[in-house]
Amino acid sequence: YCTTQTSRLIANYEEFAARDAEILLVYPGGRQHVDAFVTAAKGAEKQQVDRVPFPILLDEDLSAVKYFDIEATLAYPSTYILDMDGKVRFAYVGSNPTDRPSIKAMLAQLDNLSS
């Protein structure tokens, strides 16, 4: 599920960039698994790209997970939208591994921030 969502973020990156937004993917786990994850994400939905167009933060010690207080629900995807001052303006923690906001919903949240 994570690779599918990442693939959709890659495919729609220009839509986020057009809204002056940057995507930051936080990968909670060991460095040894990141390459396989990125390869799977780039190949999901038959989308072949040379590189992921946004930064991936490797969170080996789970400091970001602890900061956002999602340790107990690590298997559940979490999506946050922060404003330019670093204030969280949208937070979504899924109720299960497949529960994620759609790209359309995230873009709508960005549109609401700019209006």
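## Salt-bridge network

E15, R19 and D111 are joined in a network of salt bridges, a salt bridge being a side-chain nitrogen of Lys or Arg within 4 Å of a carboxyl oxygen of Asp or Glu. The model is predicted: local features require pLDDT of at least 70 and side-chain atom pairs count only at pLDDT 80 or more, whereas totals for chains, interfaces and linings use all residues. Residues are numbered from 1 along each chain as its sequence is written, and side-chain values use heavy atoms, with hydrogens and water left out.

## Exposure of the paired residues

Relative accessible area is classed as buried under 20%, exposed over 50% and partly exposed in between (1.4 Å probe, protein chains only). E15 is partly exposed at 39%, R19 is partly exposed at 29%, and D111 is partly exposed at 34%.

## Other salt bridges

The whole structure contains four salt bridges. One of them links R89 and D83, whose closest N and O atoms are 3.4 Å apart. R89 is partly exposed at 43% relative accessibility, while D83 is buried at 19%.

## Helix α1

Helix α1 spans residues 2-11, and its buried residues are Q5, T6, S7, L9 and I10. Helices (H or I, at least four residues) and strands (E, at least two) are DSSP runs numbered from the N terminus. The elements covering these buried residues include α2 (13-17), β1 (25-27), α3 (34-43), β3 (78-82) and α5 (103-114).

Technical notes: Contact means heavy atoms within 4.5 Å.
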